[in-house]
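This report describes how two protein chains meet in a model, and then turns to selected sites within one of them. The sequence and the structure are shown first.

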Amino acid sequence: MTQTERQESRNPAPLRDVVRVLGDDGTIVDPTLDPGLSGPELVALYRDMSRTRILDERLLTLQRQGRIGFHVGSLGEEATIIGATYALRPQDWIFPCYRESGAAVTRGLPLQAFVDNVFGNANDLVKGRQMPDHHTGRAVRFASTSSPVGTQIPHAVGVAWAAKLRRDDVVTLAFFGDGATSTNDFHAAANLAGVFRLPVILLCRNNGWAISTPVERQTASPTFAEKGNAYGVPGVRVDGNDALAVIAVVRRAVERARSGAGATLIEALTYRMGAHTSSDDPSRYRTESEIRPWVERDPLERVRRLLEARRLISRADDDAYRAEVDRSFREAVAVAECTPPPGLHTLHEDVYATPPWHLVEQREALLRGSRPAAPPRTV
Amino acid sequence: MPKMNMVQALNDALRVALGRDERVVVMGEDVGRVGGVFRVTAGLIEEFGEERVVDTPLNEGGIVGAAIGMALYGMTPIVEIQFGDYLWPAYDQVVNELAKYRYRSGGEYSAGMVIRTPVGGGIRGGHYHSQHPEAPFIHVPGLKVVCPATPHDAKGLLLASVRDPDPVIFLEPKRLYRAAKGEVPDGHYTVPLESARVVRSGPDVTVIAYGAMLYEALDAAAKAAEEGVECTVIDLRTLWPVDIETIAASVRATGRLVVVHEAPRTCGFGAELVALVCERVFYHLEAPPVRVTGFDTPFPYSLEMEYLPLSHRILPAVLEAARS
């Protein structure tokens with residue numbers, strides 16, 4: 001069964017309860033829900049989605065060339081990631097899974113910082129301590145990315161809780177995949193969000209797969225959205241490949257949170273068109289034919305068709321923008337590649353606010369000692 | 001100075017912490033209306049309201065995870081985990097998230113908070129109300145681990161932990177909750193973390209203990225004195241980072257070391273203490289270091305007094321160390 005069929009077999013009236021604004025052909029199918037972005041805003045949205053995909057492709061290439069160690073992409077999920085980001089205000093916090101680095105750039109994480117992270121060099125904001133694509137951006141209210149699944153959801157709940165206690169107008173949004181809904185942390189977080197009516201948005205990217213595990217192995221529930229009912233958190237399904245629909249539902253969730261009514265669980269129906277990560281081989285568990293219908297639903301193409309129909313962008317504009325992203329990316333890579341790795345002194349920093357005696361001793365021993373052979377020896 | 005037991009001293013510390021800083025929040029299972037199953041939080045909800053003294057749903061991972069978020073926002077949560085034995089459902093949040101948040105974010109974020117939890121046996125609690133789980137937390141970079149033995153230290157260490165920028169696992173020896181009594185200063189004061197206390201001085205053997213086992217070590221030291229062996233007894237107070245200077249100075253003087261803890265022996269904190277002493281003052285040692293600990297078994301119910309490393313087991317170890 002394909003992801004499309006799975007969704008439809010669970011849903012007697014296919015996609016009827018799924019919010020849609022923008023059709024596959026780029027026409028507005030539901031004007032009542034259209035978030036009403038201006039022309040320049042639509043162009044910016046398209047460009048942020050487009051940049052996300054370009055960076056994704058370029059990073060995968062770097063990984064295949066052996067220049068970076070790892071990549072986790074978001075091919076096909078750009079409408080969910082960037083649309084949700086568009087619906088938030090600057091003071092709102094994003095708690096990412098590991099597939100939303102496009103959101104960090106869209107929020108203003110400088111491209112050089114983004115690229116320094118994947119190289120783990122001396123200028124990396126997280127000092128080369130995480131695998132590539134595990135971004136942190138305090139300045140853009142982007143929390144630290146964790147590899148374990150679902151762990152960020154209670155943190156989003158906690159920030160929302162603190163903001164509510166402080167009477168601050170702040171909403172948090174946690175991104176997570178369908179696999180995360182099976183974790184203890186999802187359950188715990190949704191429950192707390194419901195009990196304490198917290199201003200948090202739980203955004204499940206239902207992309208069909210958790211590595212090789214299809215959604216029907218995650219849950220026997222017909223939808224992920226309805227899991228919210230168990231926690232007193234309303235659930236809503238949205239076409240996750242429809243950026244305008246995602247903006248509409250996340251904006252509604254922000255308003256609900258601000259009004260004091262509490263949390264919303266959003267299930268964005270999308271599809272992970274790429275591998276789980278650069279370390280994955282999807283041919284072992286799914287066929288190319290499953291991907292084909294999702295090519296037709298390409299979230300970028302939909303917005304581009306809308307922009308062309310409204311004469312907001314020309315093919316030449318688009319090409320020029322893509323060339324500009326490419327150029328600035330190449331420049332950032334050139335800088336990042338000749339930036340040295342983090343200094344040895346950083347290895348023992350930030351474990352505690354001030355290094356205790358044992359870390360001071362270990363750092364001194366490290367600095368006195370010899371350096372490892374590179375690359376590591378093999379037997 | 002008023003005399004208090006440890007529950008009263010901790011309660012007083014929480015009241016002071018809540019009163020002096022509105023960013024402090026007390027949260028956990030049953031901490032509000034009932035005042036905690038040991039009454040450590042009694043009366044706080046009446047004084048500070050249910051927004052700051054929060055009865056939470058029953059999910060330790062969720063409590064700690066949400067508290068991490070609060071800390072990221074600049075609050076100082078004081079989480080109560082009802083028993084140390086129930087820290088395990090929160091272990092992933094503590095180990096992979098709380099302890100690493102500052103490091104993995106390059107210092108962009110930090111999550112200073114306190115997790116209080118009652119630990120230790122001797123209260124007929126069986127294996128799910130008696131464990132003393134310091135070692136797994138000491139092993140995790142990024143955490144501080146504290147274990148007071150007196151009401152004075154309980155209050156002062158808790159207030160120091162609340163103010164500390166790093167996450168602190170605050171282990172409360174439940175056997176001492178009402179048994180330990182002593183003078184406790186009014187208002188705010190701190191006992192600095194990372195400072196051990198020399199409770200008894202003697203030239204022959206160094207005995208290291210903490211929590212409820214301090215009193216067993218002191219009892220053994222008194223009995224050893226009757227046999228002519230004078231011990232130095234050190235109450236660690238902060239288990240990690242440990243006050244290595246005080247330990248090393250004492251072993252340099254005595255040449256003999258006995259380490260006492262309730263937790264199982266293998267890979268217990270005693271192993272680390274012995275290793276540290278050997279690395280630093282090996283040539284001052286006159287006898288093999290000795291560990292007196294719980295057994296490498298789950299904590300038993302009926303035979304708990306046999307399991308615990310009480311005075312009757314510490315005394316022979318002290319005498320053996322002194323005479324070898």
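In this predicted model, a salt bridge joins the side chains of Arg280(B) and Glu361(A), with 2.2 Å from N to O. Between chain B and chain A the count is 3 salt bridges. There are also 21 residue pairs in polar contact between chain B and chain A, with both residues at pLDDT 80 or more.

**The interface as a whole**

Contact between the chains involves 48 residues of chain B and 50 residues of chain A. Together the two chains bury about 3,900 Å², and 60% of this area lies on carbon and sulfur atoms. Of the area that chain B buries against chain A, 20% comes from Tyr73(B), Tyr103(B) and Tyr109(B), more than from any other three residues.

Several elements of chain B give two or more residues to the side that touches chain A, among them strand 2 (24-28), strand 3 (53-55), helix 4 (91-98) and helix 10 (269-281). Helix 3 of chain B gives the most to that side, with 8 residues. By residue class, the side of chain B that touches chain A divides into 23 nonpolar, 12 polar and 13 charged residues.

**Helix 13 of chain A**

Helix 13 of chain A comprises residues 357-368, 12 residues in number. From its first C-alpha to its last, helix 13 of chain A reaches 16 Å, close to the 16 Å expected at 1.5 Å a residue. Trp357(A), His358(A) and Leu359(A) are buried in this helix. The cover over the buried residues of helix 13 of chain A includes strand 12 (238-240), helix 9 (244-254) and helix 10 of chain B.

Thr277(A) belongs to the loop between strand 8 (264-269) and helix 10 (288-296) of chain A. Gly73(A) is found in the loop between helix 2 (39-64) and helix 3 (78-87) of chain A. Their relative accessibilities are as follows.

| Residue | Relative accessibility | Class |
|---|---|---|
| Thr277(A) | 9% | buried |
| Gly73(A) | 17% | buried |

Because buried means under 20% relative accessible area, Thr277(A) at 9% counts as buried, and Gly73(A) at 17% is buried as well.

Leaving aside neighbours within four places in sequence, Thr277(A) is in contact with Phe70(A), His71(A) and Val72(A). Gly73(A) and Gly343(A) are 270 residues apart in sequence, and their C-alpha atoms are 29 Å apart in space.

Definitions and conventions:
Residues are numbered from 1 along each chain as its sequence is written. Chains are lettered from A and ligands numbered from 1 in the order in which they are written. This is a predicted model: local features need pLDDT of at least 70, side-chain atom pairs count only at pLDDT 80 or more; totals for chains, interfaces and linings use all residues. Side-chain values use heavy atoms; hydrogens and water are left out. Contact means heavy atoms within 4.5 Å. Buried area is the accessible area (1.4 Å probe) that two parts lose on being put together, summed over both. A salt bridge is a side-chain nitrogen of Lys or Arg within 4 Å of a carboxyl oxygen of Asp or Glu. A polar contact is a pair of N or O atoms within 3.5 Å; within protein, one must be able to donate a hydrogen and the other to accept it, and residues adjacent in sequence count only if both atoms are side-chain atoms. Helices (H or I, at least four residues) and strands (E, at least two) are DSSP runs, numbered from the N terminus. Ala, Val, Leu, Ile, Met, Phe, Trp, Tyr, Cys and Pro count as nonpolar, Asp, Glu, Lys and Arg as charged, and the others, Gly among them, as polar. The expected span of a helix is 1.5 Å times one less than its number of residues. Buried means under 20% relative accessible area, exposed over 50%, partly exposed in between (1.4 Å probe, protein chains only).
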